[in-house]
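Subject: Structure handover

Hello,

Here is the structure I promised you. Please open it and keep it on screen while you read. My notes follow.

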Amino acid sequence: MRMTKWILGLALFITSSLFTVVEALPTLIHNVKGYTFADGELVEFDSLLFENDTVIAYGSHEELAKQAKASISIDGKGATLLPGLTDAHGHVLGLGLNLMRVDLRGIDSLEGTMKKISEYAKANSELRWIQGRGWNQVLWAKKEFPTKQMLDAIISDRPVWLSRIDGHAGWANSKALELAGITKDTADPAGGKIIKDASGNPTGVLIDAAMDMVESKIPPLNAMERRTALELAFDHMLKLGITSVHDAGVDFDTYKLMLEMAKQKQIPVRLYGMLSGSDARLETMLKMGKVELPYLKFRSVKLYSDGALGSRGAALLAPYSDAPDNKGLLLTTEKKLAEDLSLIARYGFQANVHAIGDAANRLVLDTFAKLPKEQSADVLRHRIEHAQVVAVEDIPRFAELNIIASMQPTHATSDMNMAGDRLGDERLKGAYAWRKMREHDVLIAAGSDFPVELANPFLGIHAAVTRQNSDNQPENGWLPGEKLNRAETLKAFTIDAAYSGFWEDEIGSLEAGKKADFILIDKDVFSVDETKLDDVKVLQTWVGGRRLF
């Protein structure tokens, strides 16, 4: 028995030792069509050499094979190799929860939406609440907001709460409204609206701040549910080639869990967290200081200035073209925004402010302009998240103030069916204006805003280059003058996104000394027909020199 244990122990020791030796050898991936950025310029290569988690060099197979005679050699079989992609604006917990709940995205009829909700409720009879996301009335025949009666007809015994695709409106059944205490006598909260019918009764749709009246009644996530959601999101991103993500609004409980998971090496992507500016414990998190771990950074705060265009909550300088009595909603007053920015900058954190309408973008630019030099974007790299509808005369101010435009290409192709109605032709000149931003040397950090949009970054790359949806419509692209070229687009999803998260010295390109974060894909994004960019499939995802997908 002792001899058997000794032999098993020796075998384990030898196996472990061999594994250690193999892991220590450099790895050479060759026979690839490789692309990266060096000093801002696109370069090509056919081989990549790395050791442990760090890039040694990229170049030709011949020269790198000489440089590392003893190495693990991997044949890339002609695949295209890119730096790992960064999604500069997503909601990680929201993505995970979305994967756990009913997904109503892209359903183009009310009938289909109701069928999906009903099937989910029947299959999940143990759930206390039926929750989901993704409905979009603009895709339905009548393009009208839904009502509580529609939900009551299929689910009346449990509360139902379903967020709109943009997350700025919610749809409740009568049970949920009852739990929230919402009646015909309930007044609109500041920064929100309770949609009511001609008789003054709540219809079941709540806008922006009014959503909290229902959401505050939903039982909070427990630790296991929160962890499961994060793990599902991480796994989903790796399959899509996302090796780094900027999480736009992390609450205190998720912040604590992420710190715990990072210390236990359970976060497999580079996560740049934005603390939630609406969390009551924001200053507690700020006082804990910046977090700088290999896979987790916290040094920014997410704020909101207005709502979304689809629900007419985006704050406009002039009324909506299709609603002459409505200019949208400012969720934060000028005074409060200034106070918040001052607090955030005082702790040395970056401020990332959601602004969609032209009035909101101007307010945020004006407020950033008043910050003292040591708290300005020159030092702290402040960002405007979305920068969706901007007065043309305000676009140069982004560069003048060094404000990063954190933009999501698929928002344009998702919104093109209603943006013209909301804004009119003149305001469209500054809407989703990526080319004008680049012409004024504005740095663009690209993302998806998942789960508002799908997380697949190649949908965003396709949208930026073609200005078309996944059906390649309209034929020449929507507002085609705002297209980006392929190099600009890849840069926005790699090195420029990394810079916007203070990570450019470690990720975003494959220069020597940086982390070996890269992906292998089935199509050459620089030679494939641009209409096929959204068909790209990820073959492998490597983070820190380890293949994770």
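Predicted model: local features only at pLDDT ≥ 70, side-chain atom pairs only at ≥ 80, totals over all residues.

Contact means heavy atoms within 4.5 Å.

**The nonpolar cores**

Start with Met 437. Which residues does Met 437 touch, leaving aside its neighbours within four places in sequence? Met 437 is in contact with Ala 387, Val 390, Ile 395, Phe 398, Ala 405, Met 407, Val 442 and Ile 444. Met 437 belongs to the largest nonpolar core, which has 106 residues. Together with Met 237, Ile 267 and Phe 398, Met 437 touches the most other members of that core. Helix H9, residues 252-263, supplies the largest share of this core, with seven residues. There is also a second, separate core. That one has 15 residues, among them Ile 107, Tyr 120, Ala 121 and Val 160. In soluble globular proteins, nonpolar side chains tend to be buried together.

**Helix H8**

Next, look at H8. This helix runs over residues 223-239, 17 residues in total. From first C-alpha to last, H8 reaches 25 Å, close to the 24 Å expected at 1.5 Å a residue. Its buried residues are Arg 226, Arg 227, Ala 229, Leu 230, Ala 233, Phe 234, Met 237 and Leu 238. They are on the same side of H8, because they cover an arc of only 165° around the axis. What do the buried residues of H8 pack against? Their partners are helix H3 (92-100), strand E15 (242-250), H9, E16 and strand E24 (538-543).

Asn 222 caps the N-terminal end, with a side-chain oxygen 3.2 Å from the backbone nitrogen of Met 224. Just after H8 comes Gly 241, with a positive phi of about 85°.

**A hairpin**

Now find strands E4 (residues 47-51) and E5 (residues 54-59). They run antiparallel and are joined by five bridges. Glu 51 stands opposite Thr 54 in E5. E4 and E5 form a hairpin, with two residues between them. Asn 52 sits in the turn and has a positive phi of about 55°.

**A loop residue**

Last, find Lys 265. This residue lies in the loop between H9 and strand E16 (270-276). Is Lys 265 buried or exposed? Exposed means over 50% relative accessible area. Lys 265 has 78%, so Lys 265 is exposed. Its C-alpha is separated by 45 Å from that of Trp 140. Along the chain, Lys 265 and Trp 140 are 125 residues apart.

Best wishes

Definitions and conventions. Residues numbered from 1 in each chain as written. Heavy atoms only, no water. Core = buried A, V, L, I, M, F, W, Y, C linked by side-chain atoms within 4.5 Å. Buried < 20%, exposed > 50% of the residue type's maximum accessible area, 1.4 Å probe, protein only. Helix = DSSP H or I, 4+ residues; strand = E, 2+ residues; numbered from the N terminus. Pairing = 2+ DSSP bridges. Expected span 1.5 Å × (residues − 1). Arc of directions from axis to C-beta. Polar contact = N/O pair within 3.5 Å; in protein donor to acceptor, adjacent residues only side chain to side chain.
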